Amino acid sequence: MGGSHSREDMDLSDSDSDDAESRASDNSSDYGTPPPASASSKLAGAAGAATPASIDAIDRHLRSLRLKYNEPISPNPSPGPATAANPAALNAVKLYLHIGGSSPSAKWIVSDRLAAASFVRTGDDEDDDAPAAGPWCLVVGSRIRARVGPELQLKTFPAQRRVDFVADGVWALKFLHADGFSDFCAKYNSCLFENSHGVAATAEGRAKVFGKDFAAWARPEDGDESIWEDATDGFSPGPKGSPMPIRTPTLKPLMEDLREYEEPVEEGSGIQSLALGALDNSFLVGDSGIQVVRNFEHGIHGKGMSVKFSGGSTNFSTPKKALLMRAETNMLFMSPATDGKPHAKGVHQLDIETGKVVSEWKFEKDGADINMRDITNDSKGAQMDPSESTFLGLDDNRLCRWDMRDRRGIVQNLASATDSPVLQWAQGHQFSRGTNFQCFASTGDGSIVVGSLDGKIRLYSTSSMRMAKTAFPGLGSPITHVDVTYDGKWILGTTDTYLILICTIFIDKDGKEKTGFSGRMGNRIAAPRLLKLNPLDSHLAGANNRFREGRFSWVTENGKQERHLVATVGKYSVVWNFLQVKNSHHECYQYQEGLKSCYCYKVIPKDESIVASRFMHDKYAISDSPEAPLVVATPMKVTSFSISSRH
C-alpha cells in the first residue's frame, strides 16, 4: 500500500538565496505536527513582543504599495468583532508554494515574503462606480486570486497560524499576527457560506438555509455529540488518560501489513465498472463484455470465463451500471442514452451462465416510455436471493420499484425486434419538478436514501416512497453518490470535494432509539462529519481529482458493523477507519471550529485513474484480518489488497 497519507511533516524552508537570519525565522514554523499549547503560547508571546516595531513596519510597507484590498473588507460578509487598529497588519502573510510533487526532492519555497491576504467580490476592480455583486474571491498579493469554495480544499493549522489550500498549485499562508489568522478564518467561513448558499452568513441566513430542525448544522458546537459516542466501542484508553487513542488499533494493520495481488485484464477489454459478488464470483465489466473472476479470502483473481455481449435485438454501448440479481446468476445492464445524458430507456438482462442477453426490458408507466438515471437492489443483500424479481429505479423526479414479473401471472416474452418486455411499475412516486435526484442506496431492510443535485439527502421508509421521513439540508455541493450502512444508522454522501458522514439515530419522545428512516428526527440531530483530503494530496491525485463513490465496507447481517470507508479520487483510493472518524476525541477535531473534518486516511496510489474501489463482502474477512480485502480496479488492471492483523 504505497504512499504516505500526508506530507505535512516537511519544513517551511526558504530558497537557497535567503540569508541565514530569514532561514532561522522560517525554521520556527515547521509544517509538522502543531506544537503543544505551551509552545504555541510562547510563539504568541513572542509575536506580541515584536508588535510595536515589526507590525508598524509591515503596515507602512503595505500602505506604500497602495493595494486596493489592504483595507478592511466592506461590506463584511459576516459581521463580527471590530478589527484591530492595524487592519493591514492583520492581513500580512508569508506565502509559500509547494514544488516537487511527491518526489523525494519535494519542498516548500517562499513565493512572497510579505503579502496581504484578503477577500473581495468578483468585479471589485472592474468598475469603481458599480457595487460588486459577484462571488467572494481570495486574493493574496499579486499571485493568487481564486473563488472561495470547497475546491480550495482549505485546511487550517491554528497552532501555527497557517492555512494550506489549492489554487493552480498548493499554497500555504503563514500569518504574522495571531489575530490576523483568526480574522481570516472567520471571514473565509462567511464568504464560503455566502458563495455556497447565496445568502449572507448571518443568523437569519443560516436559519433560512438549514431551518430550525437542523440548527446543529449551522452551529455544530450546540449539537448533540452523544450519538457519536458509540465510537468508543473497541477502543482502549489512550495515553495520559485520554478517553481515546490518537491512532486506532484497527487502522494500524491496514497501514502496515497489506498483501497485494495484481492481475491484468484481457487485452482490448478495458474495465468500465466493477460488480462485486458476495458468493463465488465477481465481474469486471468492460467495453465488449464481462470477465468473470473468482472470490477468495485474499481478494479476486483467476481468469474465469469471458462473456461477450450477444443476443437480443438492440446494440447498446458499454454499460455504466451493472446490477447482480437472482443469487448472482443474472445481471442487469443499464446503458445511458447516446446524447451524453446519464438516463436510460431500459435495461438488458444477462444470463451469466449462458453468456446471453436474454431480455431487453423497457421502462414504461401508464403506456408511456420513461427514463431512469440509476438502478439498485431492493436491499443490501438482495442480490443473493435466488427468487429476487424486483429492483429500485431512480430518475430526476421519480423513485420507484420495478417488477420483472407480469402482473397477470403470464411469463414475459423474450425481447424481439418488435416486442420488448415491459417492466411493471410496482411502487413509487413521480414528484413535481425540482427534486433533482442524482443517486440512491438501500439498507438491509429496504429503506432508501436519496441524494440530490441541491445537496439534500432524503430518507424513505420501506412503506412509502411518496414522503421522505427525514430530509437533511445540503451544504452547498451536489451529492453525486450515496451509501448507507446495513442497519441504516449511518449515511455517507459523496461530493466532488469531500465526503459527508451523517448519523440518522435519534431518541423519540417516548425515549426509544430510532433512525430517520422510521420517524421524523425533528431538531434531535447532531452535526455531520466531513472527510477531506489534505490540499497536497488533493492536488497530487491528478487532473480528475474529484471524490467518487464513497462507500462503507460491505456487511449483510444484523449485529455486524462496517469497519472502513473508501472513496476514489483520481489516481488514489482513499481509506478511512470508520471508528476513528466517529471518535469525537480524535486528534483531527481538537482545534477545529464549525463542522468537524477528518484528515486521517490512507492513500493507495495507482499509475492511472481508478475506475472503482470497493471492499469485498464481510464473509471474506478471515480470522486473522480486521477487514475483507479491498479491490481497486483501473482500466487495465485489478488489484486486491488483503489486510492482515498479524502485526
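Select the second largest cavity to begin: about 50 Å³ of space lies in it. A cavity here is a set of points, on a 1 Å grid over the protein atoms alone, where a 1.4 Å probe fits but cannot get out. Grid points are joined across faces, edges and corners, and a volume is the space filled by probe spheres set on the points. The model is predicted, so local features need pLDDT of at least 70 and side-chain atom pairs count only at pLDDT 80 or more, while totals for chains, interfaces and linings use all residues. Residues are numbered from 1 along each chain as its sequence is written, and side-chain values use heavy atoms, with hydrogens and water left out.

Stay at this cavity and show its lining, meaning residues with an atom within 4 Å of a point. There are 13 such residues, and G455, G474, L475, I479 and I500 lie nearest the centre. By class, 9 are nonpolar, 4 are polar and none is charged. The nonpolar class holds Ala, Val, Leu, Ile, Met, Phe, Trp, Tyr, Cys and Pro; Asp, Glu, Lys and Arg are charged; the others, Gly among them, are polar. The whole structure has 5 cavities of 30 Å³ or more.

Next, select G476, in the loop between β26 (470-472) and β27. Strands are DSSP runs of E, at least two residues, numbered from the N terminus. G476 is partly exposed, at 33% relative accessibility; buried means under 20% relative accessible area, exposed over 50%, and partly exposed in between (1.4 Å probe, protein chains only). Leaving aside neighbours within four places in sequence, G476 is in contact (heavy atoms within 4.5 Å) with S196 and H197. G476 and H197 are 279 residues apart in sequence, but their C-alpha atoms are 5.9 Å apart in space.

Move to the second largest pocket, with about 1400 Å³ of space. A pocket is an open set of grid points with protein on both sides within 12 Å along at least five of seven lines. Centre the view on K321, D374, H481, E549 and R551, which lie nearest the centre of this pocket among its 44 lining residues. Elements that give two or more residues to the lining include β13 (321-325), β19 (374-376), β27 (481-484) and β33 (547-552). The lining has 22 nonpolar, 11 polar and 11 charged residues.

Two loop residues come next. Most residues other than glycine have a negative phi. R326, in the loop between β13 and β14 (330-334), has a positive phi of about 50° and is partly exposed at 26%. N436, in the loop between β22 (424-430) and β23, also has a positive phi of about 50°, and its relative accessible area of 31% makes it partly exposed.

Finish with the rings. The whole structure has 17 aromatic pairs. Rings of Phe, Tyr and Trp (its six-membered ring) pair if their centres lie within 6.5 Å; planes under 30 degrees apart count as stacked, over 60 as edge-to-face and the rest as tilted. Select F175 and F184: their ring centres are 5.1 Å apart and their planes are at 55°, so the pair is tilted. F175 is buried at 1%, and F184 is buried at 4%. For F214 and W217, the centres are 5.8 Å apart and the planes at 85°, so this pair is edge-to-face. Both F214 and W217 are buried. F119, F175, F181, F184 and Y188 form one aromatic cluster.

Notes:
Helices (H or I, at least four residues) and strands (E, at least two) are DSSP runs, numbered from the N terminus.
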